[in-house]
Amino acid sequence: MPSAPMPSASMPSHFLSPEDQTFVARLLGQMTLAEKIGQMTQAEKNSVRPGDVARLGLGSVLSGGGGNPDLNTPASWRAMVSGLIDESLRSRLKIPLIYGSDAVHGHNNVVGATIFPHNIGLGAARDPDLVRRIGRATATEALATDVRWAFAPAVSVPQDVRWGRSYEGYSQDPGLVSELAVALIEGLRGDGQDSGPSVLPSVKHFVADAAAVWGTSRRIDRQALSTDRTLASADTGQGMAKLLDLGAWQIDQGDALIDEQTLRAVHLEPYRAATKAGALNIMASYSSWQGQKLHGHRYLLTDVLKGELGFQGFVVSDWEGVDQLGSDYGACVVQAINAGIDMVMVPFDYERFISALTQAVESGQVGLERIDDAVSRILGVKRSLGLFGQAHTDPALLEQVGSAEHRLLAREAVSRSLVLLKNDQALPLDPLGPPILVVGQAADDLGAQCGGWTVTWMGGHGPTTTGTTLLAGLRAVAGEAQVHFSPDGQTDDGQTDDSQADEGPPDRVYPVALVVLAEEPYAEGMGDRADLRLHPEQLELLERARQRCGRLVVLLLSGRPLIVSEQLPGWDALVAAWLPGSEGQGVADVLYGAQPFTGRLSYGWPASQGDLGRGADASLLFGIGDGLSVPLKAPVTG
Ligand code: GLC
């Protein structure tokens, strides 16, 4: 039975006290091989059969994107999670399971939870304290449902914004990524606050997930699409064939063809910062480095991460990440565990994993010391979270899910994330001036402003959860009569003097038209896009609006910079709003001048389609740090 490494002068002190290290060692000493392997197993909640958590001693269960209870309410979430935790306490050694979920911009799988701006917007706000407060609010809403593990922060440093996960990154500046990631870790843990238990952050995806090169992804086998259970769960509404033609899965999970110096200077830095800040969970990347998959990369997972950086927590695989190592599942398991994976997000056929690892240990392909190291790490983290003493959280926290306080925080974050990139005397709007025309269905689409990882994996359109659309926010400030809405740019609901909604005169010219354009919601490789120019129907909408206004303001709801150089000269103002989340009021606050424009780009904005993927050689329309300010208006009631 390996004794936990005792702190020495050269080694970092262990994150557990000597007493807790003794607790872990003693518990490990009581465990059978089956119970140890059970702790290394994470199953997804729709696959776990009743009784198996107790019977197999599973260490964790997760909700993948959209892994929701049938009735998606905070109370139903809590009942689902608490039931699984209770079952784990019926295992022989009563080791509590830890439940994980992608709470990446709030507790976003849960209908009614506060949805914060995605990380690309928080990067533009560039305020660690704001991110720390968001982390704590997110943790509170996760804890309300008994969830103790959030698969966040992503510390990706996106290089090619054609990547569908660009919005999950804070910035292309690794220093800013490190600073904001540590803030989120501290917020999720509740450092220095008497605000309840910690939620375990998961720093992801180790390493250089965002350095993959376009065209190198091997994620998709078109022949096997019909049997790909994970992709089948991605209800994109657009059809896989069309998405693949648009570039889906061309770069996500691809190969980072960079040298080690670049890997260390750009992509390893955030992990060094997170480890130094005491991060205790890291998720391995699907991607490869110089042709070798990270899930089987012993040098990076063990020698660099656990050795050189001194990471003392546990490494979790990504969803089916072990399976991607090859065609022989047993060999994949051997390679992944020996490389340094400690817990496997199986997530479907968990008994196949348990059997494969058991055979690997019995045949000597995986040493028992590797198993004991992995399980010690897992038990140590559970101990540090206090799970052994308090397996459940306080159900009274449920009243804080989607609370007014959290929504106010999200509204502040939205306002701070907006970046003003052009303004020829168009903004701020005057709430007491003549009516404005808002054009584009995206202005009244909560799903579009939340983006992916919201209630479902891909996200969706319309009222997918609760919140305030951008249109509703504008009308809350200026009043219905001052904000006319035209989804298609042709007819609008302009109020007549008898305040009956009717079709305003199509040729009516407004002093200002605000055109809101959105990307189709997406997540991961489903959002890889070859072409980031505006679509023909968006150009037509802009043209119709142009004919009906004096000044044209364009607002983008996007997970990344889009190619707009050709159209920009015809616009009077451009606002990057990213994916702001549920509190669209935060956009109205800034557009009407109640809050200042303070956001600054945390990504370079490519000048043309041809500049995409060209890294430092790309011409930029706007650079990191760009963003304009405007004088504030007098505070507006409402
Ligand atoms: C996904 C993502 C990862 C996420 C995990 C669980 O495939 O790569 O970011 O945390 O699976 O949903």
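Modeller: A polar contact is a pair of N or O atoms within 3.5 Å; within protein, one atom must be able to donate a hydrogen and the other to accept it, and residues adjacent in sequence count only if both atoms are side-chain atoms. This is a predicted model, in which local features need pLDDT of at least 70 and side-chain atom pairs count only at pLDDT 80 or more, while totals for chains, interfaces and linings use all residues. Residues are numbered from 1 along each chain as its sequence is written, and side-chain values use heavy atoms, with hydrogens and water left out.

Colleague: Why is Val 24 called buried?

Modeller: Buried means under 20% relative accessible area, exposed over 50%, and partly exposed in between, with a 1.4 Å probe and protein chains only. Val 24 is at 6% relative accessibility, and therefore counts as buried. Its place is in helix α1, residues 18–30, and, leaving aside residues up to four places away in sequence, Val 24 touches Leu 16, Ser 376, Leu 379, Gly 380 and Arg 383 (contact meaning heavy atoms within 4.5 Å).

Colleague: Why is Arg 126 described as partly exposed?

Modeller: The relative accessible area of Arg 126 is 33%, so the residue is partly exposed. Arg 126 is found in the loop between α5 (119–125) and α6 (128–144), and its phi is near 40°, a positive value in a residue other than glycine.

Colleague: And Glu 524, is that residue buried or exposed?

Modeller: Glu 524 has a relative accessible area of 8%, so it is buried. Glu 524 also has a positive phi, about 50°, although it is not a glycine, and it is found in the loop between β16 (510–518) and α18 (536–546).

Colleague: How do you know whether Gln 449 is buried or exposed?

Modeller: With a relative accessible area of 1%, Gln 449 is buried. The residue is found in helix α16, residues 446–450, and its side chain reaches the backbone oxygen of Thr 468 at 2.8 Å and the backbone nitrogen of Leu 470 at 3.1 Å.

Colleague: What makes a group of residues a nonpolar core?

Modeller: A nonpolar core is a set of buried Ala, Val, Leu, Ile, Met, Phe, Trp, Tyr and Cys residues joined through side-chain atoms within 4.5 Å. The largest nonpolar core here has 172 residues, and those with the most contacts inside it are Phe 206 and Leu 357. Apart from it lies another core, of 35 residues, including Ala 426 and Leu 427. In soluble globular proteins, nonpolar side chains tend to be buried together.

Terms used:
Helix = DSSP H or I, 4+ residues; strand = E, 2+ residues; numbered from the N terminus.
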